Amino acid sequence: MHPQVATGTHPSRRRFLALSAAGGAAVGATALSGCALRVDGAATGGGESITMMVKLDDVSTDLIQQAQRELGIGITVVQDDITRLIAMLTSGNPPDLVRGVGALDAPFYAARGVAENLDPYFAASTVLRAEDLDPANDLWRFDGTTQGKGPRYGMAKDFSQDAMFWFNTAQFDRAGVDHPSETEPTTYEEWLEKAERLVERKNGQTAVYGGSYNGVNLCVLLTNLVAAAGGSLFSDDFTRVDFTTPEARRALTWYVDYAKAKVGPSLVQPNPDAWDGPTYVANRMAMSGSGYWLGGMINAEPKIARVSRLAPAPVFEGGPRISSCQAGTGMWMPKKARNKDAAWRVFEWFFGEGPAKARAAGGWGIPTLKSLRPLMPRKEEYQKRVLAVQEAELKHFSVTPFTPYAKWDALEALINQVMPAAMNGRISVDTLAGRLGSSVNEQLQRGKEQVG
């Protein structure tokens, strides 16, 4: 039997409408019935079964079959999609486990009363013990006001301190640029200066990016840049943002300058590869602000791995040293999930047993169980070097709280509409700050009214 937990009341229609509005979803009558949902991958067999809403490469066919063999639990996989999720929640037939980005999604779903408090499950578990949980899992805690405190609503499958950056020593040597320190943080100002010296252009096109610094997404990147400048983007109650403070303006100015310099991908210079990984391992990017997680891809390319180094998160000159996680991707359990016992057993297996050990050994992020740290790649000298940098950085980890009153992708859409004008020099940073504040605060106010 699963631990005794309070199921609470059905989240109100108002709160479901808040989910819909925040995600930009238009949910029609057919979708709300739950009958139009397409199953993208499934495994069946004897025993229990659950439905997981994840990206299809999160839970491969091999993993589904492995779960069936080891746990006797069948898994149906539904493609991660906010519109589909709302439809399943409102129809009373939610998935049993749902993919989420802890840094951004945890407070959103917890505040709307749709996520299960998992504290009783963790308390009863012999696989996921509270004392073994890395502090990065605090991204999945929310006390009703502030992220990082209170009950646990999910868990990260792995994590990185995402402001850390990789650099290619061969690219630096060819350009005659000094390597960044692997023990002391460079400043954001120094990082951009190096990127400007490293970029290579041919026939008006960028052949080698000097550096890429876009974070997991712009919402969380700006939140973290403002924190690194010594401020907070959000008000104490998370109902408003202020881009006009000296700290926020400093962060905005740096990022706009980065885009104007065209040393790396941005809204006005998209990466044809869509993200840093393929570009970096193809030797066409000198620095990538992607955190330890990218090591899983780098380790698969020995020639690149041997010349790659990991550096601490930059700081603004005179600013605090912080190194937070911008993602913490994992899973949460809907409060109205029908198969909670089986779902929790899959949860334990995915986060603490075979799949978790395989992820740790591959270098795909830092394990979120401290007991799995010895599995992180350390065979090669360059892996030992990277691991030493990462282990030293852990003491600077902190949670940068995010607002519960808006879905991050809705805020991202607003930022994407306004930011390019500043990057192209058509508006000033001051004008950008005002426009961003106006549009984002309007969205946050609606979310606050809907959540209550």
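## Terms and basis of the model

Buried means a relative accessible area under 20%, exposed means over 50%, and partly exposed lies in between, with a 1.4 Å probe and protein chains only. Helices (H or I, at least four residues) and strands (E, at least two) are DSSP runs, numbered from the N terminus.

This is a predicted model, in which local features need pLDDT of at least 70 and side-chain atom pairs count only at pLDDT 80 or more, while totals for chains, interfaces and linings use all residues. Residues are numbered from 1 along each chain as its sequence is written, and side-chain values use heavy atoms, with hydrogens and water left out.

## Overall picture

The protein has 18 helices and 13 strands, and of its 452 residues 57% count as buried. Its accessible surface, computed by the Shrake-Rupley method with a 1.4 Å probe and, for residues, with only the protein chains shown as cover, comes to about 18,100 Å², of which 49% belongs to carbon and sulfur atoms. If contact is taken to mean heavy atoms within 4.5 Å, residues 24 or more positions apart account for 77% of the contacts in the protein with a separation of 6 or more.

## Confidence

The predictor's confidence in each residue is given as pLDDT, on a scale from 0 to 100; its mean for the protein is 90, and 90% of the residues reach 70 or more. Over residues 4–18, however, the pLDDT is below 50, and this stretch has 29 contacts in the model beyond near neighbours in sequence. The pLDDT also stays under 50 over residues 20–46, for which the model has 52 contacts beyond four places in sequence. Where pLDDT is low, the predicted coordinates should not be read in detail.

## Strands 2 and 3

Two strands are said to pair if DSSP finds at least two bridges between them. Strand 2 (residues 49–54) and strand 3 run parallel and are joined by six bridges, with Val-54 having Gln-79 of strand 3 as its bridge partner. Together with helix 3 (residues 61–71), these two strands make a right-handed β-α-β unit; right-handed here means that, with the strands pointing away from the viewer, the path from the first strand over the helix to the second runs clockwise.

Strand 3 (residues 74–79) is largely enclosed by the rest of the structure, because five of its six residues are buried. In the loop between strand 3 and helix 4 (82–90) lies Asp-81, which is partly exposed with a relative accessible area of 34%. Asp-81 and Arg-99, 18 residues apart in sequence, are 9.6 Å apart in space from C-alpha to C-alpha.

Three strands form an open sheet in the order 11-8-12, with antiparallel pairing. Its edge strands, each pairing on one side only, are strand 11 (287–288) and strand 12 (308–311). Strand 8 (residues 165–168) pairs with strand 12 in the antiparallel sense over four bridges, and Phe-167 stands opposite Arg-309 of strand 12.

Helix 5 (residues 102–111) is mostly covered, since 10 of its 10 residues are buried; among them are Leu-104, Asp-105, Phe-108 and Tyr-109. Just after helix 5, Gly-113 takes a positive phi of about 70°.

In helix 8 (residues 188–198), the buried residues include Tyr-188, Trp-191, Leu-192, Lys-194, Ala-195 and Leu-198. These residues cover an arc of only 160° around the axis, which puts them on the same side of helix 8; the arc is that of the directions from the helix axis to the C-beta atoms. An α-helix has 3.6 residues a turn, so residues three or four places apart point the same way.

## Asn-299 and Gln-383

Asn-299 is found in the loop between helix 12 (295–298) and helix 13 (302–307), where it is partly exposed with a relative accessible area of 24%. Gln-383 lies in helix 16 (residues 381–393) and is buried, with a relative accessible area of 13%. The C-alpha atoms of Asn-299 and Gln-383 are separated by 8.3 Å, although the two are 84 residues apart along the chain.

Leaving aside neighbours within four places in sequence, Gln-383 is in contact with Asn-299, Pro-377 and Arg-378.

## Positive phi outside glycine

Ala-274, which is not a glycine, has a positive phi near 80°; Ala-274 lies in the loop between helix 10 (246–261) and helix 11 (276–281) and counts as exposed at 68% relative accessibility. Asn-283 has a positive phi of about 70° although it is not a glycine, and its place is in the loop between helix 11 and strand 11, where Asn-283 is partly exposed with a relative accessible area of 32%.
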